[in-house]
Amino acid sequence: DSAPATRAYHNPLSVRLASGEPAQNCADPTVLRDPRAKAPTWYMYCTSDPVSKRERDPQGKDGGWHFRMIPIYRSTDLVHWDFVADAFSDRPAGLAAPTSGLWAPEPEYLNGRYYLYFTVTDVVDAHSPEKGCENDSAIGVATSESPTGPWKASTTPVVMPRRAGPGCNFHWTFDPKVIEDAGRKYLYYGSYGGGIFVTRLSDDGLDRKSTRLNSSHVKRSRM
């Protein structure tokens with residue numbers, strides 16, 4: 001007999017790694033209900049971070065910690081979550097600098113496949129108007145035929161770094177969120193470090209519409 005449905009729970013929720021031990025970190029969690037699954041199934045995506053004090057890499061480039069590159073968990077009841085995979089084995093080449101964070105993942109099901117938008121806290125110099133900076137953040141995107149990957153990241157950001165002043169002074173281009181309305185897709189992004197913005201996405205979800213269309217749709221608010 002199947003176990004009865006969970007009717008009550010207490011925080012923190014059970015989020016388990018493949019070893020069975022509890023995950024010790026899941027910042028910026030975002031949940032996607034899989035539209036292809038026969039039974040209700042949800043996937044949770046977390047900011048790239050260490051998830052266990054046991055996972056150490058003394059020779060690594062992240063201060064000895066093992067950073068999971070957007071860990072993904074699965075649940076059938078929204079209470080118990082089990083680790084499935086990391087979205088990436090390393091920071092996407094040609095997009096993210098070697099020590100960049102991959103933050104605030106935003107999973108979406110669009111055009112019959114899965115999209116994963118995410119913050120790149122430091123893009124490679126090829127995408128930055130100022131070489132050698134570490135805070136030239138942007139919004140990246142990857143696509144997959146499955147909610148758990150493998151994910152193919154575009155090497156061109158959906159939203160490029162945006163200057164706030166000379167040198168390495170950039171707006172925070174963080175926290176992507178996609179909204180569909182009347183068949184049109186809009187990407188919201190920003191932070192208190194520069195304001196909140198919205199731009200219309202191209203039909204394939206991989207780029208923005210032309211500059212002229214952007215200028216007529218972008219709205220900005222400051223806190």
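Is I196 buried, partly exposed or exposed? I196 is partly exposed, at a relative accessible area of 36%, where buried means under 20%, exposed over 50% and partly exposed in between (1.4 Å probe, protein chains only). This is a predicted model, in which local features need pLDDT of at least 70 and side-chain atom pairs count only at pLDDT 80 or more, while totals for chains, interfaces and linings use all residues. Residues are numbered from 1 along each chain as its sequence is written, and side-chain values use heavy atoms, with hydrogens and water left out.

**Surface**
- I196 lies in strand β12 (residues 195–200); strands are DSSP runs of E, at least two residues, numbered from the N terminus.

**Cores**
- The largest nonpolar core has 19 residues, and Y45, I70, F88, F118 and W151 have the most contacts inside it; such a core is a set of buried Ala, Val, Leu, Ile, Met, Phe, Trp, Tyr and Cys residues joined through side-chain atoms within 4.5 Å.
- Two or more residues each come from β3 (42–45), β4 (69–75), β5 (80–88), β7 (113–120) and β8 (138–144).
- The most is given by β7, with four residues.
- Another core, of twelve residues, lies apart from it and includes V141, L187, Y189 and L201.

**Sheet**
- Four strands form an open sheet in the order β6-β7-β8-β9, with antiparallel pairing; two strands pair if DSSP finds at least two bridges between them.
- β6 (102–110) and β9 (152–153) are at the edges with a single partner strand each, so one side of each has no neighbour in the sheet.
- Seven bridges join β7 and β8 in the antiparallel sense.
- L116 is opposite A142 in β8.
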